[in-house]
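User: I have a structure open here and would like to understand how it is put together. Could we go through it step by step?
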Amino acid sequence: MTAATHSPLFPRTPDSADAVLEGLDPEQREVATALHGPVCVLAGAGTGKTRAITHRIAYGVRAGILQPSSVLAVTFTNRAAGEMRGRLRQLGAQGVQARTFHSAALRQLQYFWPKAVGGSLPRLVERKIQLVADAATACGLRLDRSELRDATAEIEWCKVTQTVPADYAYAAAKSGRDTPRDPAEIAHLYTAYENLKSARSVIDFEDVLLLTVAVLQDRHDIADQVRSQYQHFVVDEYQDVSPLQQRLLELWLGDRDNLCVVGDASQTIYSFTGATPDHLLDFRERHPGATVVKLVRDYRSTPQVVRLANGLLAQAHGRAADHRLELVSQRGAGPEPVYVEYTDEPAEAEGAARRIRELIDAGVPAAEIAILFRTNSQSETYEQALADAGVPYQLRGAERFFDRPEVRRAGVALRAAARFGGNDSLLDEAVDLPSQVRAVLSGEGWTAQPPAGSGATRERWESLAALAHLAQDFAATHPGASLADFVAELDERAGAQHAPTVQGVTLASLHAAKGLEWDAVFLVGVAEGMMPITYAKTDEQIEEERRLLYVGVTRARERLHLSWSLSRAPGGRPNRRPSRFLDGLRPGTTPTVGRTGTGALGGIERGIERGTGGGTGSGTGGGLMAVPRRKQRTPARCRVCGRTLIDAGEMKLMRCEDCPSDMDEGLYARLREWRAAEAGLSGQPDFCVFTDRTLMAIAETCPDTPAELSRIPGVLDRKLRRYGADVLAICAGAEAVPEPENDPLNDGRNDPPNTADDAR
């Protein structure tokens, strides 16, 4: 996984202003040299927009046209701001402020609050949901967890759109919002929330922007001071600006026009937060003399991926669609997108995991593969499937890299070694920076080979391995760098939240994937009800769902897999259909709306799953081929209460999570001991043999025969052949000892992977 645009980790700093422009295409160069007046950059996905605007700033600074301290570059995430600061530093443009809207506003608010208001700034609460819960209690509203989350989102929307409680009902109806409760109740809750904040002397993140706007509007002396500090502004992802952020930007600017905005209306996917592309699309009306540059050369994706992306937008309608950019791939040809249909969601997850396992075995790094889904609730099924297939993964949006305990401890150890390395015996045999870093990390648990442990153990090792790889890259581009230099680099990255790459398949929602890219992308759950999501009712909401799928498609560099399932649970009614957005793009379909002419892209095939039933489907090359189809599975039911199971973990246990367990604790302990020994012999993590839930299910059912064992989810054909005899022996009371991998009598252990069962 990398941020958009592929570049070396540590490129060399250009030696002159003109050198900054080297390697830019004509349109990017036009952006970089347009340093005066309003500039609007319409940049399609993968066209190098961040490269263009960072080189613009760096060129202005290196040429002496821009003073670093007079430039403020704003974007929407700490990661993006950190990446921008890192690129500017590499280009020799230190001192430029690159921040999020909230970060820049908070810094100004903290500085000017004593002068504007007096006293200290009220405490900032990072999570408002507890305050909303307390406000709901105060006004007699009972909200479940889902309603509480949705009500909190409504309050945030009100604040960024500058909607007061009295106007909420009208504004929500006008915007077509699906309110979680009666609008009058939400307005009442909003009022109670604001009163509670005042009583507790706290502010939230939206208040940071509102208060900064208020100070700059009311205190002209403070506004003049801010404007004297910043004379040049750059706004990235301008299509996602909210009315409140636009107002703040206007106050920063005053009557000046030294503003450069960058965006793509076709990537507007945050309207539920108050974002609107209108500010981008109306830019020339507000600034008639603006320079407008379009970036359409796609350096990220192959022509096959780009053709599908263009095809999606060709069928769109609405104002954003009228301003769509037709991307032109600059890469060589690659494989066609693959479309796969499965019987149910677990089968879809298993199919994706199997294909990913094949890619990794073929040499594709796990970090260059992603599974993207519409909602976070879809994640668990894919986590379980990847674990069953022995594939490491990481959740996008989980704990920050530099906040991980093992990374913090490693940082302390490296800092100590940099200061007192002469007295550290670990460094006695280290001859260069990478070996010094590896020596220090070895004291924190890093080893040359990954551990044969469970998920948490592997995740800790991956974190330390990422630091070791970073040291190798840093040394390659900074000859003679010391351990202290590397520690300084880590401190810079921690401040910017610019984490090194961790080896593992990325699991992320489509919203969280914005701004990232991978060699191979699996878009899953591309079915009606999920894409577009069920609650997308209006034309505008449907079109935003289309744009969200477009964002997902354009994350892929080379390989793109799109899949859907006909039912949610095994044996369920197959009443789903593929997303309407694929109509006219996948083989055998015609477009439902809008303009098209792209023709069918790629091929469609049926999921290759356990079972040998007949079936046909067209492969990626467009020809027909016979593909084994999965036998129709009966619904999974709890063996205690009989309820139909849909959760992947519960299906593993064959019972509801809350139903009583009759697990044989002694048997479970013996199975875990056997699994650890088996994994050690084969040099793989424990969960690649069997997951904990599968072992729990075995210990609860205590099977006597291979047939009984095979009915346990997670014990599929290949694993039954490989481990069945040992597991049944342990269930019968024997102390099974794993046989060495090279034992010629160890039937099946060294067989080549079976295509249909390898992921299980």
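Analyst: Of the 760 residues of the chain, 53% count as buried, where buried means under 20% relative accessible area, exposed over 50%, and partly exposed in between, with a 1.4 Å probe and protein chains only. This is a predicted model, in which local features need pLDDT of at least 70, side-chain atom pairs count only at pLDDT 80 or more, and totals for chains, interfaces and linings use all residues. Residues are numbered from 1 along each chain as its sequence is written, and side-chain values use heavy atoms, with hydrogens and water left out.

User: How many helices and strands are there in the chain?
Analyst: The chain has 28 helices and 20 strands. These are DSSP runs numbered from the N terminus, with at least four residues for helices (H or I) and at least two for strands (E).

User: Which strands pair with E17?
Analyst: Strand E12 (residues 338–344) pairs with E17 in the parallel sense over six bridges, and Tyr342 stands opposite Ser565 in E17. Strand E16 (residues 516–523) also pairs with E17 in the parallel sense, over five bridges; there, Val521 has Leu560 in E17 as its bridge partner. Two strands pair if DSSP finds at least two bridges between them.

User: New topic: how many aromatic pairs does the structure hold?
Analyst: The structure holds 11 aromatic pairs. Rings of Phe, Tyr and Trp (its six-membered ring) pair if their centres lie within 6.5 Å; planes under 30 degrees apart count as stacked, over 60 as edge-to-face and the rest as tilted. One of the pairs is Trp157 with Tyr168: the ring centres are 6.5 Å apart and the planes stand at 75°, so this pair is edge-to-face.

User: Where do Trp157 and Tyr168 lie, and are they buried or exposed?
Analyst: Trp157 is in helix H7 (residues 145–160) and Tyr168 in helix H8 (residues 168–175), so the pair ties together parts 11 residues apart in sequence. Both Trp157 and Tyr168 are buried.

User: What about Phe474 and Phe486?
Analyst: Their ring centres are 5.9 Å apart and their planes stand at 55°, so the pair is tilted. Phe474 belongs to helix H21 (residues 455–477) and Phe486 to helix H22 (residues 483–496), 12 residues apart. Phe474 counts as buried because its relative accessibility is 4%, and Phe486 counts as buried at 0%.

User: Which residues do ring pairs link into a cluster?
Analyst: Phe76, Phe101, Phe233 and Trp252 are linked into a cluster by ring pairs.
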